[in-house]
4 protein chains.
Amino acid sequence: QGANKGKPLWSHSSHLCQQIQFADQKQEFNKRPTKIGRRSLSRSISQSSTDSYGSAASYTDSSDDETSPRDKQQKNSKGNGDFCIKNIKQADFGRREIEIAEQEMPALMALRKRAQGEKPLAGAKVVGCTHITAQTAVLMETLTALGAQCRWAACNIYSTQNEVAAALAEGGFSVFAWKGESEDDFWWCIDRCVNLEGWQPNMILDDGGDLTHWIYKKYPNMFKKIKGIVEESVTGVHRLYQLSKAGKLCVPAMNVNDSVTKQKFDNLYCCRESILDGLKRTTDVMFGGKQVVVCGYGEVGKGCCAALKAMGSIVYVTEIDPICALQACMDGFRLVKLNEVIRQVDIVITCTGNKNVVVREYLDRMKNGCIVCNMGHSNTEIDVASLRTPELTWERVRSQVDHVIWPDGKRIVLLAEGRLLNLSCSTVPTFVLSITATTQALALIELYNAPEGRYKQDVYLLPKKMDEYVASLHLPTFDAHLTELSDEQAKYLGLNKNGPFKPNYYR
Amino acid sequence: QGANKGKPLWSHSSHLCQQIQFADQKQEFNKRPTKIGRRSLSRSISQSSTDSYGSAASYTDSSDDETSPRDKQQKNSKGNGDFCIKNIKQADFGRREIEIAEQEMPALMALRKRAQGEKPLAGAKVVGCTHITAQTAVLMETLTALGAQCRWAACNIYSTQNEVAAALAEGGFSVFAWKGESEDDFWWCIDRCVNLEGWQPNMILDDGGDLTHWIYKKYPNMFKKIKGIVEESVTGVHRLYQLSKAGKLCVPAMNVNDSVTKQKFDNLYCCRESILDGLKRTTDVMFGGKQVVVCGYGEVGKGCCAALKAMGSIVYVTEIDPICALQACMDGFRLVKLNEVIRQVDIVITCTGNKNVVVREYLDRMKNGCIVCNMGHSNTEIDVASLRTPELTWERVRSQVDHVIWPDGKRIVLLAEGRLLNLSCSTVPTFVLSITATTQALALIELYNAPEGRYKQDVYLLPKKMDEYVASLHLPTFDAHLTELSDEQAKYLGLNKNGPFKPNYYR
Amino acid sequence: QGANKGKPLWSHSSHLCQQIQFADQKQEFNKRPTKIGRRSLSRSISQSSTDSYGSAASYTDSSDDETSPRDKQQKNSKGNGDFCIKNIKQADFGRREIEIAEQEMPALMALRKRAQGEKPLAGAKVVGCTHITAQTAVLMETLTALGAQCRWAACNIYSTQNEVAAALAEGGFSVFAWKGESEDDFWWCIDRCVNLEGWQPNMILDDGGDLTHWIYKKYPNMFKKIKGIVEESVTGVHRLYQLSKAGKLCVPAMNVNDSVTKQKFDNLYCCRESILDGLKRTTDVMFGGKQVVVCGYGEVGKGCCAALKAMGSIVYVTEIDPICALQACMDGFRLVKLNEVIRQVDIVITCTGNKNVVVREYLDRMKNGCIVCNMGHSNTEIDVASLRTPELTWERVRSQVDHVIWPDGKRIVLLAEGRLLNLSCSTVPTFVLSITATTQALALIELYNAPEGRYKQDVYLLPKKMDEYVASLHLPTFDAHLTELSDEQAKYLGLNKNGPFKPNYYR
Amino acid sequence: QGANKGKPLWSHSSHLCQQIQFADQKQEFNKRPTKIGRRSLSRSISQSSTDSYGSAASYTDSSDDETSPRDKQQKNSKGNGDFCIKNIKQADFGRREIEIAEQEMPALMALRKRAQGEKPLAGAKVVGCTHITAQTAVLMETLTALGAQCRWAACNIYSTQNEVAAALAEGGFSVFAWKGESEDDFWWCIDRCVNLEGWQPNMILDDGGDLTHWIYKKYPNMFKKIKGIVEESVTGVHRLYQLSKAGKLCVPAMNVNDSVTKQKFDNLYCCRESILDGLKRTTDVMFGGKQVVVCGYGEVGKGCCAALKAMGSIVYVTEIDPICALQACMDGFRLVKLNEVIRQVDIVITCTGNKNVVVREYLDRMKNGCIVCNMGHSNTEIDVASLRTPELTWERVRSQVDHVIWPDGKRIVLLAEGRLLNLSCSTVPTFVLSITATTQALALIELYNAPEGRYKQDVYLLPKKMDEYVASLHLPTFDAHLTELSDEQAKYLGLNKNGPFKPNYYR
């Protein structure tokens, strides 16, 4: 199967999981995908991408306009045509979505205010490849306010909010993205961002590593002018560490994924809310009194368990790690093996990051009406493939909800075909995305302004102090008031009054 | 004043009744509403009804079929035409919804099983007027299994699930209901249920009192054969007590609304879940760290507060009743007056059953982005009318979500135009509806089979023991195992081993 | 067996009354108990009474003074000798305890302030028989401030805080009580309160009914001048209802026990705290991860379950009542029969009000180290007698803690010999006692000032409005601010602006 | 400045805080302390030490025996006299305490069982210096079962449970410790452990570093035979790192203090329980409705806040670190500066590890009856010294409880004179101590058996895998069942099936 078989694709906190085979891509990515290849890609990632921003982007493209955006002449109201999107007419609606997002992204707005005085990204030419959403738009407009020029493509063929892309294009951004790109479109868009007469990027903001990969592959000379890469996703970070290990990383890179704030917020707090939301929107299930088994008691599992317990569910936990297991016990959850409770539970939730946690054997033993979903890891945790057998009938009862029906009439309620429930069936609070976006902006500023030699050709975590700064920018939202150390106290603790306040390993 | 002043608005979980001008209606209800009256009705009640089963009934009637059902020839597949619904072709989809509902209505299914032996409603001719939903269908089919014949109309012009009505009609029920009836249609449907050659009802199942009222008005002689009325709603119960006080109640009536199980489940447990669901579906708001004020700490308020606190919100409570206030304190909520916190809160929720709890003065002082919604009482708690002034701009940003924009740009996020959030923007768990439906069924059985003289021409609560029986039928859902008293223990406590176990006033 | 069989044990939070042999007592109570009788009494009730105020009354009587208080000449510093207590020298320490209690009894202090203007108890001659504690002292001094004269005895032979009695005596009160009275002393003290030349009570404040009974028995003519009885305990209330039923109640009586505030606070909130406190003080057990079964899900059980769940225990519930059972399910507890979990649980707690809930059969099957205790009902719930068999060894390991050891070495940890844990091993918060004491004071005022004819010779509950008043007097403690109804709102709700705000049956 | 000026004495999780001045000691430790010196030492550490095991050691030495143990001839029942304790007659009582402790220390008991086959400490000669408690006794007897010989002294002059020491001596252990040692006794005991003809230790188990220091100072040659040091306390670990930095550490050392299990359990879970226990035992305060400010939201603060919120308190948090502050917000606590709430709160709890967090200025502004206590850091957090001024009156109302009275009558309730509440006024659950003791045992085994060269002369953390092993040994207590990875899953995750399962930095 090749080099990347074991590649950890787990993207606990990434917003959409790339599943593009890195090795294959090297040879293949700009080939026009065959019909079959396209289809299999579609099966593996499409739905997750399609639905992940469902409720935020309530606007429906019901237009019959089937013309590819690449084939259209496009111009915004100022006559600018350096972009490629679905439909510039949706710009107003997109602008409203951006404005709504701004209200929940206080830290970026604070950075903009500070930018009235200084322009820390003056001269920066940022090429970006991320999900194109209202939240990203707020980030992009902040980078611009800080002095940067931006060109942007989508990191996922399904996640683009067309109306937001329209608003960005209307606002003068060179955006190349639409919902429902083909694989070929995908790379074409990235290429359009990078390959421009008279413009060369000096900063990369990537989510998944595809943009970085493209430049490595096609324009390796560009790296001479590039000051650094900021990467958000697990997958992209993994690629960077591999490059670094292999001695092939030629600029410094910032690993945004592993910053404390992102980990804690994306996983614990976010999942605490989205597990309820995702289950309710899809099944209207009543939580009170329900028996639930949560597989895995990491941050995601902890969030799910806390929320369900609080709503009156009886929660069981499975774990492989004795330390997390002991935490589950102390937190008041019975620690079981899945087979001990599989017959009695009403809901099964996977949060392990592992594969084949819920296999056919367990599915066979679940009771009628049992709901099965995944909060953990792309689509590997539930062995959905094992359910695609002739004796089982699938019935799509609602969007993202399938009844799988056994010969005896038993129905299992499978959500999002085993893909991530929180991305497929609920929304991610903008406030949480704000933390990540702010970290990205600060990472760009840090790398762009770092004195020669501070960063080598390696992968770095943001300094603790910057993590703390990101957090501090989000406190005003809660009208929260930090206490300051007195000189005497700072001396007593051996700390600088402005932080960092904790050792790097503290979480 | 107008014709519709007292139109019974559906108030599933409201604790306080509509201030209905019963007398006026007597003269007015079968007048054809004027165009204007109709429109204003639509504004005041339509959305609540329309949206209340939003997520359950995802099926959309996008047909351009504008012909009134009253003008169509209708027949089901067996050639039966004694019904009037929107579209018989939706029967299959409706059947699936009914089957899904059956899974969460264990008590009715248990009654059906018992009915294989005895038919306690054999000979019963039930005329019903309720919301026509999948849950009601399960009730109707249960009544039939118990031996009853049923004819049914809708108690609300917007709440009918057309596909369910179709399934019922296809199944042989005489159903007269569709979503979007006119006022005239409404009474026409009720009349069609009652006014039939050679068929006369002997039991009434009502929700809101309109059916009862119609028979009083038009066919008073029918009451000679009627054994009793079962009424679910606050409004209808209120009407019955008025009739009883005036000495005009001519058959016994069962007040289902005030049974313990209904009160506790509909209010406390149901709202605990729906407040989160309603807020999330409409606004995607993150609960963690949000400051919320909940007005009213009755059962509904208790449910809302518990859920929000559990999800990390900081909750303030307002109360007028010192006992509830003290409970709020002991439960860990700061008890404030609204004006103390109105400037700082992120969310305002009304659960008082009162009117004008949130008035313009408070709305003026809320901060930008504040979310305002109502969980309590029809649409009186928030003074929405005060927001319909020229200097404020309304912007509909999503279904059920309006931004009201002040001249300085401040936006208030108003949900469901101040109508009940839980009905407008979230779903009511079937399991909770099951408790009410079972109580209705048992009340019918009790009244129908009661020996002469057990019930006078008065309004009764279900005997405590029957409340306990309803509860016991729902325990298997949770695999819950009741303990039985030994003879010795029963004697010690002075109780019958089979209950009732508590005095009537216990809640 | 004999004379003390039916001695009313104090059962502060028990919900069900003692099965008292009222008739026997009538003939027996003033017999001098035999030595053996006395000893068996001591075994059955002493510890509960002795320890119930343990932590509050840390002062230890280590004096060897074995002289009976009845045999001593006693005078306070002003030369007054109309009292009989243990040791007047402890007055200062007692005064401090009273002052501490005053801080947590805001409502009584508020009544005192109001009494500066009016003296609603002017002329009242109150004879009281209650536990003599710091909290009672605050009540007595409040009654005095309101204009009353008081004479007082203890309602329990072990519960008197000697130092408080001393402070009261020093302050001029005619108190007759000490810790460790004999049965004979008990009735002698009561008699001394009542039987005084030139003084006749016109109000009775009783806790358990012994004082009332004594007057019925010995001085029936006194009732001619008595305006009413205020009774706090379940037992006493039960006796009053029996008298009433028998047509023998000759003055009105107020049932304080069943007022909403008392029920909710004493049971739910108080037990929520005392279950943790009682278990911790006796066993230092860690709650996290412990499996606990709580028998009974009334108010007491609800409080226990909520607290233990919150501290990370895994809680199972047993119930006989399907409604409470369904509440337990919705609140997230598995409902089981005791035998399903008895082998696996770490802690067993009874809160049923029933007898023989935990019998030998269950005790035999518990695992080593299992803790067994009772929060519900005097000492009947656990069949402790069944453990007093030759093959089991009892080992007293700490005060109130016994290890019962099986032949195979298994140890059961039995707390307070099955008596009420919250009274024996934890303290009752003064704030909760304040609610009851205030209710008593208001009941006295109401009965004393009621116009002729308002109350007949029957047992009454306090009017709802007065319950609300008691609650409102306790709100300032929490800096809680009540909202007031506007005239318009009051009219809309059909309520008086000053309450009552809820129907009588509301709880 | 002196070498130890800045020595962090903070001992968050250590059981008793050493406050002995290291530098002074070098010259002074075997001098007889002067009266004044002794007294001041006593003031600073005595009470904390005295009371910390209060409830466990209920046995009171009321004997008038004032003879120093050093001056007594001592022999156990087998004639062995190689020990020095208070009173060998208490051995039986001590044995019972040990047996009780064994029930909550499952992991050590499991190690004993395994030791029936192999003796991993065969030949080990362990000299130990720790608190001498029932839990330590279980550890010592386990080490013996594993093959070790042990000699033991106390690491604190007040913490020895005399009856446990007696049981150990009776059991053949060479124990040198009693409650209330003088400073000179302290070092004499340590010396007696080490300085023995014909016996030389090869392993050190230390808690605070005093034993290690003594050997460095007096018998440096001993280190030639010593295979390693296991150190539990923050203080001792700090000393070891200093030695290591200075190049003076001559054997490997294990830092037990910083193992994950110890940190998480000692701080988060333990404090969650002990904050309630400590407050209740000292003040009987009712938690419901109380306003509390918790200073610091690290693990200790998180535990305190969670418990108090769960019991119905309204909790405010102060923080200096923005990340912890943001966590507090998301967890539902208002983040404030102390001065914003100091006038309104009922309870102030410090958990910062800082000094002078609550200073006189704040104490002056607290309201009457406010309770002030410290859960964080020795006795520095509350500026108690500032309260020892002439205008304030101190009144000791109970053990560990002082009222500090302002001229206007306001009383502040100060607990444990600002020392650690959880050690002074509550007990530490044995189960939590078990985790630490097991870690110590495994660390000894690891160091003793490590092949040459695995450990250098440095300070090590226990390998993650061993942390996991400690955790796994505690799971059976909860009847918890770990899931095992399949081969396929382990390969997928890139993990060994037996762990470690998480990176070292995971917590």
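Q: Is A:N422 buried or exposed?
A: A:N422 is buried in this predicted model. The reason is a count: A:N422 has 28 C-beta neighbours inside 10 Å, and 20 or more makes a residue buried.

Q: Ok, and which helix is A:N422 found in?
A: A:N422 sits in helix α15 of chain A, which covers residues 421-424.

Q: What is A:N422 in contact with, leaving aside neighbours within four places in sequence?
A: With those left aside, A:N422 is in contact with A:C271, A:S274, A:G278, A:M375 and A:V428.

Q: Which residues does the "binding site" annotation cover?
A: According to the unreviewed UniProt entry, it covers A:G298, A:E299, A:V300, A:G301, A:K302, A:G303, A:E319 and A:N422.

Q: Take A:E299 then. Where is it found?
A: A:E299 is in helix α11 of chain A, residues 299-310.

Q: And why does A:E299 count as buried?
A: Because 23 other C-beta atoms lie within 10 Å of A:E299, and the cut-off is 20 or more. Neighbours within four places in sequence aside, A:E299 is in contact with A:Q263, A:K264, A:N267 and A:L268.

Q: New topic: how many residues do chain D and chain A put into their contact?
A: Chain D puts in 46 residues and chain A puts in 45.

Q: Which helix of chain D gives the most to the side that touches chain A?
A: That's α12(D), with seven residues.

Q: How do the residues on that side of chain D divide into nonpolar, polar and charged?
A: On the side of chain D that touches chain A, 22 are nonpolar, eleven polar and 13 charged.

How values were computed: Residues are numbered from 1 along each chain as its sequence is written. Chains are lettered from A and ligands numbered from 1 in the order in which they are written. This is a predicted model: local features need pLDDT of at least 70, side-chain atom pairs count only at pLDDT 80 or more; totals for chains, interfaces and linings use all residues. UniProt positions are given in the numbering used here, feature names are shortened, and annotations may be inferred rather than shown by experiment. Helices (H or I, at least four residues) and strands (E, at least two) are DSSP runs, numbered from the N terminus. A residue is buried if 20 or more other C-beta atoms lie within 10 Å of its own, exposed if 12 or fewer, and partly exposed in between; C-beta atoms are placed from the backbone. Two residues are in contact if their C-beta atoms, placed from the backbone, lie within 7 Å. Ala, Val, Leu, Ile, Met, Phe, Trp, Tyr, Cys and Pro count as nonpolar, Asp, Glu, Lys and Arg as charged, and the others, Gly among them, as polar.
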